[in-house]
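Okay, everyone, thanks for coming. Let me put the model up and then walk you through a few spots in it.

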Amino acid sequence: MNINMLLVTVGMVLATFVTRAAMLLVGQRFKLSPHLEAGLRFAPVCALAVLIVPEVVVQEGAVNVSLTNPRLAAALAATAFLLWKRSMVGCIAVGLFVVTAFRFF
Amino acid sequence: MRASLPATPGVIAWGLVTGVAMVKSGLAVHWAIVISLLVYAGSAQLATLPLIVAGQPFWIISLAAFVTNLRFVIYSASLRRWFEAYSLRRRPVLGYFTGDFTFAMFMQRVTREGEFAYRDAWFLGACGWNWLVWQVTSIVGILAATAIPSEWGLQFAGTLALLALAVPLCLEWPGLAGAAVAAPIAVLARGLPFGLGLFAGIVAGIAAAVAVDHAITRRKATVRQEGDELS
């Protein structure tokens, strides 16, 4: 039994549940202030940024922001494709293709 | 249930990618299945993968999952008006199964028709269908991943899926400002213990996004005022 993974699972279930159900349970009594609502609105994009960008620009422990970094090249190509075609599946496919291409050439 | 059909191809792709990425990042198959069945939050599942792999303590991982899920606080704040009539036992169930797409569909219908009858059943039907498709495809992904060689680099698919989620949010100035401030901090401070770099980045990013949002709202208000004075 892996205790840490068990705690991770319980913690993530709570995070899912609390964010989705708390406001429904308290009803209309509790109002979100405009500032708090703005903060909540922009929190996910900030969280995604801090989780994605290090995965992309850090290569074997060091920052590499040149196009010799396969993941960076792949992320840029995937972003361009997403903005162009608005296709999530296409975005993932393009990114994986670029990473794979780097491995072969 | 039929209302949620347009989203189904997306849910299938997203579920497969999440399943494959979980296993290819090094999660044991049985834990991947347990997390998939219980957690039911695709973006949080993918977002926490690098933290789980890096062996971060569970409370940091939970906190990261919490922050990625914060958009649902806003969703459920807009939903509560329509679900207030239902019992305290029913409401958390409706909340737990909320997804990005079902929320959008529900809000569309409710703004069009108001408090239509059996809206809880309609909502649960749409959410239930998404839940089922999601679970089946992510478990297929988890099992298929064991047969795929790691050299294919499919764990990167999870990062790309998150990217596909983040890019549309950066098309607005506040979101872009938040990401542009948050990401470099996280990269530079990545060596700090307890994921402090991540949280410093998130907090600074939110502050930047709120400041930009505030500045835009204020400028719009002044422009409108000047327009009024001219007319």
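**Two chains, one walk-through**

Let's start at B:Tyr118, which counts as exposed because its relative accessibility is 67%; for the cut-offs, exposed is over 50%, buried is under 20% and partly exposed is in between, with a 1.4 Å probe and protein chains only. B:Tyr118 sits in the loop between helix H8 (100–113) and helix H9 (119–145) of chain B. Its phi is near 55°, a positive value in a residue other than glycine.

Quick housekeeping. This is a predicted model, where local features need pLDDT of at least 70 and side-chain atom pairs count only at pLDDT 80 or more, while totals for chains, interfaces and linings use all residues. Residues are numbered from 1 along each chain as its sequence is written, chains are lettered from A and ligands numbered from 1 in the order in which they are written, and side-chain values use heavy atoms, leaving out hydrogens and water. Helices, by the way, are DSSP runs of H or I with at least four residues, strands are E runs of at least two, and both are numbered from the N terminus.

Over in chain A there's another positive phi. A:Arg86, not a glycine either, has a phi of about 60°. It lies in the loop between H3 and H4 of chain A, and it counts as exposed because its relative accessibility is 58%.

Next along is A:Ser87, which caps the N-terminal end of H4(A), with a side-chain oxygen 2.8 Å from the backbone nitrogen of A:Gly90. Helix H4 (residues 88–104) of chain A has 17 residues and runs 25 Å from first C-alpha to last, close to the 24 Å expected at 1.5 Å a residue; that expected span is 1.5 Å times one less than the number of residues. What do the buried residues of H4(A) pack against? Helix H3 (70–85) of chain A, together with H1 and H10 of chain B. Among those buried residues are A:Cys91, A:Ile92 and A:Leu96.

So, on to the interface. The contact (heavy atoms within 4.5 Å) takes 85 residues from chain B and 70 residues from chain A. Together the chains bury about 6600 Å², 79% of it on carbon and sulfur atoms; buried area here is the accessible area (1.4 Å probe) that two parts lose on being put together, summed over both. In chain B, B:Trp31, B:Arg80 and B:Phe156 lose the most area to chain A, together 12% of what that side buries.

How many salt bridges cross between chain B and chain A? The rule, a side-chain nitrogen of Lys or Arg within 4 Å of a carboxyl oxygen of Asp or Glu, finds one. B:Asp213 forms a salt bridge with A:Arg41, with the closest N and O atoms 3.7 Å apart. Helix H10 (residues 156–169) of chain B gives the largest share of the side of chain B that touches chain A, 13 residues.

Last stop, B:Gly19, found in helix H1 (residues 8–24) of chain B. It counts as buried because its relative accessibility is 0%. Leaving aside residues up to four places away in sequence, B:Gly19 touches B:Ser138, B:Gly141 and B:Ile142. B:Gly19 and B:Trp134 are 115 residues apart in sequence, yet 9.7 Å apart in space, C-alpha to C-alpha.

Notes
A polar contact is a pair of N or O atoms within 3.5 Å; within protein, one must be able to donate a hydrogen and the other to accept it, and residues adjacent in sequence count only if both atoms are side-chain atoms.
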